[in-house]
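Please examine the sequence and the structure shown below.

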Amino acid sequence: MDNTYLKGIERSKLWWMIDVAPAIEQRVPDLYPYIAAGLVGDGSDCFGFDDEISLDHDADTRVKLWIPMGVGGEGAEYRIRSAVGLSTKGVLSVEEIPQFYRRYTGLDFSPNTWHEWLAIPQKNLAAATNGEVFFDEPGRFSERRRVLLDYYPQDVCLKLLEGAVLRMGQAGQYNYPRCLRRNERVAAQLAKSIFIDAALNALFILNKRYMPFYKWAHRALTSLPILGEYASDLLDRIACTENATGEIEELSQAIINELHAQQLSSDDSDFLIPHARVLREQIIEPELREANPWKI
């Protein structure tokens with residue numbers, strides 16, 4: 001890859017600082033104080049994962065603007081776009097703050113109950129909190145963002161972690177080696193895939209970070225402070241090794257050790273499923289505790 005490639009988020013920030021912000025401040029000064037600007041949402045550039053390969057689609061420099069609902073009336077978007085003018089430098093989008101968060105959470109407000117949290121796909125939460133906010137003097141966009149960045153309530157964390165640990169144990173530690181012994185190669189690959197997905201989920205939860213869309217999950221793993229680079233290398237070996245039983249056990253033990261370190265389990269089993277039961281017992285909300293973890 002060419003080291004001179006400038007990431008989309010850096011191009012976005014430069015365009016905002018050099019052209020977009022001055023134009024709005026000078027030509028629509030009544031709207032400027034209400035605006036938040038940044039690059040957040042869908043796309044590899046929002047995650048900082050864009051590269052030369054990304055140039056084959058959606059390669060424009062993008063700046064996103066968010067305004068509170070009703071500010072400036074129906075003509076606010078047109079006035080902002082007109083102030084910036086036609087430019088070959090990038091693509092400018094303008095939307096109301098509730099519209100942005102409704103697209104990712106399905107809610108007109110920040111999630112509060114465990115039902116509301118679990119109804120939101122984790123990849124949506126990752127997209128709603130990625131990237132960077134360049135400017136938000138009024139703070140309304142960032143206020144909603146902070147609620148999501150504070151991560152799930154503890155009961156929800158425990159439930160999601162219970163499910164991830166169960167899938168790791170059932171698919172990776174139990175079914176995968178049995179499929180290999182029976183020479184069921186397709187079933188073994190499916191079991192391995194389920195284990196990898198569950199392990200990624202567990203690792204993101206243990207780091208209190210939202211797991212992004214599957215295409216970016218492994219790449220995002222390297223930035224996690226807890227087991228990130230170690231688990232990333234190990235998962236790569238699991239994916240590429242014909243018989244990855246040893247690597248699966250190694251990663252399972254690393255997860256168990258971290259559960260111990262975070263005082264989430266005191267069970268001494270080297271099999272993950274007993275640890276899932278310990279996680280379940282810590283959930284305070286009775287309905288959530290009894291919910292089927294395989295369906296969460």
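Two strands are said to pair if DSSP finds at least two bridges between them. The model considered here is predicted. In it, strand S1 (residues 36-39) pairs with S2 in the antiparallel sense over 3 bridges. Within this pairing, Ala37 has Leu65 of S2 as its bridge partner. S2 also pairs with strand S3 (residues 91-96), in the parallel sense and over 6 bridges; here the bridge partner of Ile67 is Glu96 in S3. Strand S2, which spans residues 62-67, is mostly covered, since 5 of its 6 residues are buried.

Consider next helix H3 (residues 76-84). Its buried residues are Ala76, Ile80, Ala83 and Val84. These residues lie on the same side of H3 because they cover an arc of only 95° around the axis. Helix H1 (8-27), S2 and S3 are among the elements that cover them. After H3 comes Gly85, whose phi is positive, near 80°.

In soluble globular proteins, nonpolar side chains tend to be buried together. Leu161 touches Ala202, Ile205, Leu206, Leu259, Leu264 and Leu279, if residues up to four places away in sequence are not counted.

Terms used:
Residues are numbered from 1 along each chain as its sequence is written. This is a predicted model: local features need pLDDT of at least 70, side-chain atom pairs count only at pLDDT 80 or more; totals for chains, interfaces and linings use all residues. Side-chain values use heavy atoms; hydrogens and water are left out. Buried means under 20% relative accessible area, exposed over 50%, partly exposed in between (1.4 Å probe, protein chains only). Helices (H or I, at least four residues) and strands (E, at least two) are DSSP runs, numbered from the N terminus. The arc is that of the directions from the helix axis to the C-beta atoms. Contact means heavy atoms within 4.5 Å.
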